[in-house]
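Please consult the sequence and structure shown here while reading.

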Amino acid sequence: MMEKLPPAEKIPEAYSALADGRVTVREEQNEAHIVSSDGTKNYTVKWEEGHYTSNDSATYWAGYPGYPVIAVWMKQGILPYAETTAEQFRGVNWNEINRKYRRNYTKALDAVIAERGLDREAVLSEMRKVMESIQALDFTVGRGKGKP
């Protein structure tokens, strides 16, 4: 079971990263590279035997899997991935929106849902499925090399 769970609102950020093609997984090297939603940062996720590290702020400082780790798990087929839901979050600049809402991830997500006219209950339902899968994982996460 995951030691510290991420806020569910990080799931749409992972969807965006995948829908935008900002996640490059190199299975043979046990690493992935993720570009931030505004294109200003690059994150590295590495893994070995159920332990994942990342240099994104959430994983590095808060100790829970940040959206880069979640996106990698989706890309690897470890977590459910709803492509239709992901497409609804294509092109979202989460960095800007999270800053606007002062890191209140619930308000940020609600703003995106309202702005895009999305079905809130359908989005939340997909997020619940992913969170249930995250809760069931027997993985650990930690700090990757290089500060965010």
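This is a predicted model: local features need pLDDT of at least 70, side-chain atom pairs count only at pLDDT 80 or more; totals for chains, interfaces and linings use all residues.

Which element gives the largest share of the lining of the largest pocket? That share comes from α5, with three residues.

**The largest pocket**

- The volume of the largest pocket is about 350 Å³.
- The pocket is lined by 20 residues, and the closest to its centre are Lys-10, Tyr-43, Ser-57, Tyr-67 and Arg-103.
- Two or more lining residues are given by each of α1, α2 (57-62), α3 and α5 (94-100).
- By class, the lining of the largest pocket comprises seven nonpolar, six polar and seven charged residues.

**Helix α1 against helix α3**

- Helix α1 spans residues 10-19 and helix α3 spans residues 67-75; their axes come within 8 Å and cross at roughly 60 degrees.
- The two helices, α1 and α3, are therefore oblique to each other.
- The crossing in which α1 passes α3 is right-handed.
- On the α1 side, the contact involves Lys-10, Ile-11, Glu-13, Ala-14, Tyr-15, Ala-17 and Leu-18; on the α3 side, Tyr-67, Ile-70, Ala-71, Met-74 and Lys-75 take part.
- Nine residues of the contact of α1 with α3 are nonpolar and three are charged, with no polar residue among them.

**Helix α1 against helix α7**

- The axes of α1 and helix α7 (residues 120-136) come within 9 Å, crossing at roughly 95 degrees.
- That angle makes α1 roughly perpendicular to α7.
- Ile-11, Pro-12 and Tyr-15 of α1 make this contact with Glu-126, Met-127, Val-130 and Met-131 of α7.
- The contact of α1 with α7 has six nonpolar residues, no polar residue and one charged residue.

Note on methods. Residues are numbered from 1 along each chain as its sequence is written. Side-chain values use heavy atoms; hydrogens and water are left out. Axes are lines fitted to C-alpha atoms, for helices over the stretch in contact, and angles run from 0 to 180 degrees between N-to-C directions. Helices (H or I, at least four residues) and strands (E, at least two) are DSSP runs, numbered from the N terminus. Angles under 35 degrees count as roughly parallel, over 145 as roughly antiparallel, 65 to 115 as roughly perpendicular and the rest as oblique. A crossing is left-handed if the near helix is turned anticlockwise from the far one by less than a right angle, and right-handed if clockwise. Contact means heavy atoms within 4.5 Å. Ala, Val, Leu, Ile, Met, Phe, Trp, Tyr, Cys and Pro count as nonpolar, Asp, Glu, Lys and Arg as charged, and the others, Gly among them, as polar. On a 1 Å grid over the protein atoms alone, a cavity is a set of points where a 1.4 Å probe fits but cannot get out, and a pocket is an open set with protein on both sides within 12 Å along at least five of seven lines; lining residues have an atom within 4 Å of a point. Grid points are joined across faces, edges and corners, and a volume is the space filled by probe spheres set on the points.
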